[in-house]
Amino acid sequence: MAADRASGRLEPPPSDEAKISEQKRAAAVAAAELIEDGMRVGLGTGTTVAHLLPAIAERALAGLRCVATSPTTELAARELGLMVVELASLEELDIAIDGADQIDEQGWLIKGGGGAHTREKIVAAAAARFVVIASADKAVPVLTAPVPLELLAFGVEHTLRAVAPARLRGVPPSPDGGLIADYLGPVEDPRMLSATLSAVPGVVEHGLFAPEMVSDILIAQDGVVVRRGGAKPARSS
Ligand code: 5RP
C-alpha cells in the first residue's frame, strides 16, 4: 500500500479503491435508513461519511438537526441542504454515525485517521445510539498502531516523550487548536492503552473508542452485515 502524503495514512491500491468505495457507500446508505423525521443527528468525518451525507439528504426527512464533527463535514452537509446546528444547542443526540479506521473482534475502534477523533468522541458520547459504518477492510483481528492523538500545543515535546513512541503527523491543527500526532507502539490491550494515554497531561484525546460506546457496526462486503456493539441496548432503542 502507498502512504497518502497529506495524512500519512496507508491507501489501498487503485484496483481495490472502487470496491472499497462501493462498500463504504453501501454501509452509509444502510445507516441513513436508521434516521427518522425530527431526529438530532451527529455526523462523523471521512470518506465513508462523505457517502452518508447525500444518502441522508436524499431521504428528505422533516425537522432533522445535524451536528458536524469537522468543518469539512459541516460544509458538505450545508451544501446538501441539511440543517447544521451547534452541539451546545441540543441536550442530546438521537443518533451519531461515523466511520472508523480499524474495528477489532471485540468492537474496539481506532478512529482519527482524519484527525477529528476528539470531536467525534464527544459527539458519539452525546448520542443515544452510535452507529459505525465501514468497508470490509476496516475489520481486523487485532488493533495495530498508529493510534491517533490530539495533543495540547503547550509542552508538546514533553507530551510526546510521555506517550512514546509517538510522532507529530505534520498536518494542520484541529479546529480546536490541538496538534495531531500518532502513537506508534503496541496496542495489545486497548483498554489499558486507552487509560494510559488518557492519563498523560497534554493528551487532549486519543483515537481508541471502547466497545461500550458503540451501539451498532455496519460493515459492507457483499451485503451489509450488522454487528451489535458493546453499548447497553438502551443506547440504541
Ligand atoms: C476521522 C475518522 C474517520 O472516521 C476514519 O478515519 C475513517 O475514515 P474513512 O471513512 O475516510 O475511511 O476517524 O477522524
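Colleague: How many residues surround the ligand, and which are the closest?

Modeller: There are 17 residues around the ligand, and the closest are Gly46, Thr48, Gly99, Gly113 and Gly114. Keep in mind that this is a predicted model.

Colleague: Which elements give two or more residues to that shell?

Modeller: Those are α2 and α4.

Colleague: And by class, what does the shell around the ligand have?

Modeller: It has 11 polar residues, four charged and two nonpolar.

Colleague: OK, take α4 then. How many of its residues are buried?

Modeller: Seven of the nine, so α4 is mostly covered. The buried ones are His117, Thr118, Arg119, Glu120, Lys121, Val123 and Ala124.

Colleague: What does α4 lie across?

Modeller: Helix α4, residues 117-125, lies across β9 and β12, and runs at about 70° to β12. Helix α6, residues 190-198, packs on the sheet too, touching β9, β11 and β12. The direction of α6 makes about 160° with that of β12.

Colleague: What's the strand order in that sheet?

Modeller: The order is β10-β11-β9-β12, four strands in an open sheet with antiparallel pairing. At the edges stand β10 (166-168) and β12 (203-206); each has a single partner strand, so one side of each has no neighbour in the sheet. From one strand to the next, the twist averages 30°.

Colleague: Over how many bridges do β9 and β11 pair?

Modeller: Five bridges, in the antiparallel sense, between residues 147-151 of β9 and residues 179-183 of β11. Within that pairing, glutamate 150 stands opposite isoleucine 180 of β11.

Colleague: Is isoleucine 180 buried or exposed?

Modeller: Isoleucine 180 is buried, because 25 other C-beta atoms lie within 10 Å, and the cut-off for buried is 20 or more.

Colleague: What is isoleucine 180 in contact with, leaving aside its neighbours within four places in sequence?

Modeller: Its contacts are Gly115, Pro148, Glu150, Arg169, Val171 and Ser174. Glycine 115 is 65 residues away along the chain, yet the two C-alpha atoms are separated by 6.1 Å.

Colleague: Changing topic: which residues of α3 are buried?

Modeller: In α3, residues 71-79, they are Thr73, Ala76 and Ala77. These cover an arc of only 100° around the axis, so they sit on the same side of α3.

Colleague: Why would residues three or four places apart in a helix point the same way?

Modeller: Because an α-helix has 3.6 residues a turn.

Colleague: And what's on the face of α3 turned away from the buried side?

Modeller: That face carries the exposed residues Pro71, Leu75 and Glu79.

Colleague: What covers the buried residues of α3?

Modeller: The cover includes β3 (40-43), α2 (47-59) and β4 (65-68). As for α2, its own buried residues are Thr48, Val49, His51, Leu52, Leu53, Ala55 and Ile56.

Colleague: In what sense do β3 and β4 pair, parallel or antiparallel?

Modeller: Parallel, over four bridges. Glycine 42 has valine 67 of β4 opposite.

Colleague: Which residues of β3 point which way?

Modeller: Arg40 and Gly42 point one way, Val41 and Leu43 the other, and all are buried. In a regular strand the side chains alternate between the two faces of the sheet.

Colleague: Alanine 60, buried or exposed?

Modeller: Alanine 60 counts as exposed, because it has 9 C-beta neighbours inside 10 Å, and the cut-off for exposed is 12 or fewer.

Colleague: What about the peptide bond from alanine 145 to proline 146, cis or trans?

Modeller: That bond is cis, with omega near 10°. Proline 146 has its place in the loop between β8 (130-135) and β9. Another cis peptide bond joins alanine 164 and proline 165, where omega is about 0°.

Colleague: Where is proline 165 found?

Modeller: Proline 165 is in the loop between α5 (156-162) and β10.

How values were computed:
Residues numbered from 1 in each chain as written. Predicted model: local features only at pLDDT ≥ 70, side-chain atom pairs only at ≥ 80, totals over all residues. Arc of directions from axis to C-beta. Contact = placed C-beta atoms within 7 Å. Pairing = 2+ DSSP bridges. Axes fitted to C-alpha atoms, helices over the stretch in contact; angles between N-to-C directions. Near = placed C-beta within 6 Å. Nonpolar A, V, L, I, M, F, W, Y, C, P; charged D, E, K, R; others polar.
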